[in-house]
Amino acid sequence: MIFTELALHLFGAVMIFAAAMVVTIRNPVKAALFLVLAFFSAACVWVTLEAEFLAIVLVLVYVGAVMVLFLFVVMMLDINLARLREGFGDYLPIGGLVAVLLVVEMAVVLHAPEFGVDNMPRPEPHGADYSNTRELGRLIYGAYVYPFEIAAIILLVAIVAAISLTLRRRPDTKYQNPAKQVAIRREDRVRLVKMPSAPRPDADRETPT
Amino acid sequence: MGETLVSLWNLVPGWMQIGIYSLIKITIIVAPLMLAVAYLTWLERKVIGAIQIRIGPNRVGGGWGLGQPIADALKLLFKEIIIPSNANRFLFIIAPVLSITPALAAWAVVPFTDSLVLANIDASLLYILALTSMGVYGVIIAGWASNSKYAFIGAMRSAAQIVAYEIAMGFALVGVLMVAGSLNLREIVLHQQGGFWQWYFLPLLPLFVVYFVSGVAETNRAPFDVAEGESEIVAGFHVEYSGMTFAIFFLAEYANMILIAALTVLMFLGGWLSPFPFAPFTWIPPLFWFLGKTVFVLLFFLWFRATFPRYRYDQIMRLGWKVFIPVTLVWITVIGVARFFTPFGSFFT
C-alpha cells in the first residue's frame, strides 16, 4: 500500500514539474517533449488509481499519435527564439491573473462539501481479477450506447467538415496514378523499330583474310 | 548456509522481495532476448547470403561464423561516440534509450507458454499497442537532435509512416479481439485451441496479412525502410550516430522485429499450441512450438529484405491509407455481420 502511495506522489510530482516546464521552457520542441512526459505521468497516476484501461488509452492516443503529429509540426517551424521572449513582461500580469483564477476556482470546487469525504467516499479497491476494460465496455455499449453513437456521429461530421474546409483543389498539381503505373506494359513504352541493314562501305576491310 | 540465506531473505521487507523477484524474472527474459537479437543478425546474414548464393559470415568462431555477432558487439562497444556540433546533447543521447525502452518493455506481457509470462495483465493487447506506438519518439528525437538535414528527413518519413501503419495495425487487432472476446494475450491463445485449422489466421486472413505487413513497416524494415534509405539520405535518422548509440538503435530494431513476429504467432498462429492436437505432436514442449513459430515468421522478414526493392514513398503512404485501412474496416464489418446475422458465425469464433 505504502509503495503505491509513494509511486502516486512520485508520478504526480513529475507531472507537475513537466507541466511547469511546458509553459516556461523557451524551445518549443522541448516544450512538446515535456508535454509528452506530462501525459505519460498522468497515465502512470491513473494506473495507480486502478484506471488501467484509460491510462493505456491515454498513452496510445495522446502520446502515441497526437503528440507525434504535434512534434512533427513544431519541428518544422522556423522559430526565432529571441523574438519569442519579447513581450514576456507585457503578458505576465494577464497570464498570472488567469493562472490565479484557475487555482482559486479549482480550490473552491474541491473544497465544496459536495465533494467532501462524506459525500464521495473512497471507492472500494477491486481484486486482481476485476477487469475494468470489460466494465467500461458494458457501460459504453450497453447502458450508454445511444449517447456514445451520437458522439461518434458528431465526431465523424466534425472530421468531414474539417477536411472539406482545408481541402483546396489545385488544378496545376501533378500526381501519379498508381493503377495506371501498375497496368503499364512493355508495348506502351518501348517501340522496337526494324531497320533494313545495309552493308557499310568499309565492311570488306574488316573481314579476316 | 542455506538456513542463514533463508533467514536473511525473510529480513527483506515484502515489497522489496517482490521487486527482487521481478528483477530476476526480467533478467531471465531480457538476457536471452539480447542473445536472440545478436544471433538474428547472424541468421540474417546467413539467410540473405544463401538467397544471393554467397556464404555469409564464415571466419570468426569457426566455419559457421558463429562468433561474428559477438565480435561486432565488441567493436561497437569500443568505438567513440561522436556528438555533432550544435546538436542537442541531452536529446541526442536519450533518443536511442527512448527507442529501446518500449521494445523491451513490451515483452513484459508476452506469454511464452501457458504459465510463463511476467505480467498476465488484462488489457495486454492494448498495452502492447500503446508501447509500440512509443517507439517512434526515439526516431523523431534522434532525427531532430542530430542537427542534420538527412537525419531530419529520415525522422519525418518515419514518423508519417509509423502513424499511418499504426492505424491499420490497430484495426487488425480490433478484429482479433472481436473474435477472441478478450484483450488478454493468454486468453487469445487459449481460444485458438484444437489444431491449426482453429488458429485465427484462417478466419482473419486479410487482417493477418495486413497486420504482418504493417509490422514490417512499423519496424522500418525493407521494403519499407525509407527512414534509412541509404541511396537517398545516407542512413536516415541514425546517420550521425556511432558506436554504442548506433548499436542501441540496431538492438531496438531487431528486438522490435522479434516482438512483431512473436505477436503474430500469438494472435494468428496459435502461440504455444501445437498444430496437431494429438499424440506425437503434443509431446513436444509448448515453449518449443512458440519459439519455432517465431523463428519461422522471422525468416519472412529476412526473405522480404532479400527479395523486394524499396518502396517509393508515395506508394508506402497509398498502401497504408488507401489499401490497408479500408481492407481492415471491411473485414471487421464482415466479422460483425457474420457473427450476429448469418449462420457462418461459428467460423469467426
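Reply: Let us begin with helices H1(A) and H2(A), where Thr4(A), Ala7(A), Leu8(A), Phe11(A), Gly12(A), Val14(A), Met15(A), Phe17(A), Ala18(A), Ala19(A), Met21(A) and Val22(A) in H1(A) meet Ala31(A), Phe34(A), Leu35(A), Leu37(A), Ala38(A), Ser41(A), Ala42(A), Cys44(A), Val45(A) and Thr48(A) in H2(A), contact meaning heavy atoms within 4.5 Å. The residues of this contact divide into 18 nonpolar, four polar and no charged, where Ala, Val, Leu, Ile, Met, Phe, Trp, Tyr, Cys and Pro count as nonpolar, Asp, Glu, Lys and Arg as charged, and the others, Gly among them, as polar. This is a predicted model, in which local features need pLDDT of at least 70 and side-chain atom pairs count only at pLDDT 80 or more, while totals for chains, interfaces and linings use all residues. Residues are numbered from 1 along each chain as its sequence is written, chains are lettered from A and ligands numbered from 1 in the order in which they are written, and side-chain values use heavy atoms, with hydrogens and water left out.

Me: At what angle do H1(A) and H2(A) pack?

Reply: Helices (H or I, at least four residues) are DSSP runs numbered from the N terminus, and axes are lines fitted to C-alpha atoms over the stretch in contact, with angles from 0 to 180 degrees between N-to-C directions. Here H1 (residues 2-24) of chain A and H2 (residues 28-48) of chain A pack at about 160 degrees, with their axes 8 Å apart. That makes H1(A) roughly antiparallel to H2(A), since angles under 35 degrees count as roughly parallel, over 145 as roughly antiparallel, 65 to 115 as roughly perpendicular and the rest as oblique.

Me: Which helices of chain B are oblique to each other, and which are roughly parallel?

Reply: H2 (residues 14-51) of chain B and H12 (residues 286-307) of chain B pack at about 50 degrees, with their axes 10 Å apart, and they are therefore oblique to each other. By class, their contact has ten nonpolar, no polar and two charged residues. H4 (residues 89-105) of chain B and H10 (residues 243-268) of chain B, by contrast, pack at about 20 degrees with axes 9 Å apart, and are therefore roughly parallel. The contact of H4(B) with H10(B) divides into eleven nonpolar, three polar and no charged residues.

Me: How many residues does each chain give to the contact between them, and how much area is buried?

Reply: Buried area is the accessible area (1.4 Å probe) that two parts lose on being put together, summed over both. The contact takes 27 residues from chain B and 27 residues from chain A, and the area buried is about 2300 Å², of which carbon and sulfur atoms give 76%. In chain B, Tyr137(B), Trp144(B) and Met156(B) lose the most area to chain A, together 23% of what that side buries.

Methods:
Helices (H or I, at least four residues) and strands (E, at least two) are DSSP runs, numbered from the N terminus.
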